[in-house]
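Take a look at the two chains below. Two topics follow: how the chains meet, and where a set of annotated residues sits.

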Amino acid sequence: MSTASPSAAASPETGTARVKRGMAEQLKGGVIMDVVTPEQAKIAEDAGAVAVMALERVPADIRKDGGVARMSDPDMIDGIIGAVSIPVMAKSRIGHFVEAQVLQALGVDYIDESEVLTPADEVNHSDKWAFTTPFVCGATNLGEALRRIAEGAAMIRSKGEAGTGNVVEAVRHLRQIKGEISRLRGLDNNELFAAAKELRAPYELVREVAELGKLPVVLFSAGGVATPADAALMRQLGAEGVFVGSGIFKSGDPAKRAAAIVRATTFFDDPKVIADASRNLGEAMVGINIDTLPESEHYANRGW
Amino acid sequence: MTSSPTIGVLALQGDVREHLAALAAADAAATAVRRPEELAGLDGLVIPGGESTTISKLAALFGLTEPLRAAIRDGLPVYGTCAGLIMLADKILDPRSGQETFGGIDMIVRRNAFGRQNESFEAFVEVEGVPGGPVEGVFIRAPWVESVGANTEVLAEYDGHIVAVRQGSVLATSFHPELTGDHRVHELFVSAVRAGS
């Protein structure tokens, strides 16, 4: 048999765009769940989550408690990494590249530069090319998604409105991104330059999206998914997978609801499976109507 | 066989689209498979990269585990990458509780053996039976093969660890050729499917 040549063996490349983006490709069709303890992480893994997001408080509690929301305690992240074998993600504040450095040092598999935490910089996001650990970032529209990708994000999630249990903003943002991609497809080469200017995004990325008909990275949906039908809705609208935050561990029977959301995400186009998954789940999280939420408490407005 | 063989991609979770594209490029008729009844009529099957614990649970939940085991026993050619390699192992060294594989290759695998995401890497790997020089290996939280049985061929090693194997018509790699645009490993699989049909 043959083996790898010594030169190739001596120089494996880590942290390449392909390795970072490829990691997100492996998560497609799956559910990523917010967890705050190792016990919750195990429940998520047992329910079939493809990854967990380790954080100190779920968004619903961040809303309730107020104050500054920061990166989680390293001991808590270590505990979650030790408890499960699926990938572990964790959140840094927008522009807080030192929190991101800490998360990389802790060995998390993905960093979410997240609007759910209190932004640390009102002008700049972190330079994500500087890291070996890949980043996922939120976006409300195509221009925002492409600016994050230009900064090195290897995965995008539509933002939605975290901690509300209300899917309306997730739908709005995903439709916005998909709609803008469709419009780019219809433009000719002359028009793409002006489109890039309007989108405030690099021309090369805009052209790539126009050619591919999709983002060059995986697109998930986040922010407000609370039921199996919500998750299936986001997939039918074109999300390649879903993040579920408060929706699981703020519900009556988290283990059951988590497994049900996983099933509905896989069989998102089969109403019978979604119906079965939706039975006897106990109480969903209460939820918040977005129109009663003051503008200053819209997390989606954080980041630009 | 003169027409293109029909090859399914198990579409419970993972990088299904990339495998569908690689199979089409290797001149197979590729189709996504999620239900037991969709196994009928397939000439071959790919088990994609993804999360092996998730794929294992979903396969059990939707009644796919036993039909797939039977199909593999009856000689269905299968190719698995990364999580797919884990699902084709007769034994996992460190399974999560309740994690069951389809089996098909007499080997013991170690999950996430090359490390977490920060240790994920690209490197060139020479694969026996793949002409034209080494392939680009993309290893993402990749497993390796700890040991193989007498009837399992080792097709590639990297850094002293087994990363590609074959037993009969079942092929598996620790790395992801579907992410590279180099379709030679898929061509190797498709030509084996053609030869067996």
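Buried area is the accessible area, taken with a 1.4 Å probe, that two parts lose on being put together, summed over both. In this predicted model, chain B and chain A bury about 3900 Å² between them. Carbon and sulfur atoms carry 49% of that area. The contact draws on 53 residues from chain A and 45 residues from chain B.

Polar links cross this interface too. Ten salt bridges are counted between chain B and chain A. One of them joins the side chains of Arg18(A) and Glu136(B), at 2.7 Å from N to O. The two chains also share 28 residue pairs in polar contact. On the chain B side, α1 (16–25), α2 (52–61), β7 (121–125), β8 (135–139) and β10 (153–158) each supply at least two of the residues that touch chain A.

Now turn to the annotated site. An unreviewed UniProt entry places the feature "binding site" at Asp34(A), Gly163(A), Gly224(A), Gly245(A) and Ser246(A). These residues span 213 residues in sequence, yet no two of their C-alpha atoms are more than 12.2 Å apart, so they gather at one spot. The lining of the largest cavity includes Asp34(A), Gly163(A), Gly224(A), Gly245(A) and Ser246(A).

Which residues does Gly224(A) contact, leaving aside its neighbours within four places in sequence? They are Glu161(A), Thr164(A), Gly165(A), Asn166(A), Val167(A) and Asp230(A).

Terms used. Residues numbered from 1 in each chain as written. Chains lettered and ligands numbered in written order. Predicted model: local features only at pLDDT ≥ 70, side-chain atom pairs only at ≥ 80, totals over all residues. Heavy atoms only, no water. UniProt positions renumbered as here; feature names shortened; annotations may be inferred. 1 Å grid on protein atoms, 1.4 Å probe; cavity = no way out; pocket = protein on both sides within 12 Å on 5 of 7 lines; lining within 4 Å. Contact = heavy atoms within 4.5 Å. Salt bridge = Lys/Arg side-chain N within 4 Å of Asp/Glu carboxyl O. Polar contact = N/O pair within 3.5 Å; in protein donor to acceptor, adjacent residues only side chain to side chain. Helix = DSSP H or I, 4+ residues; strand = E, 2+ residues; numbered from the N terminus.
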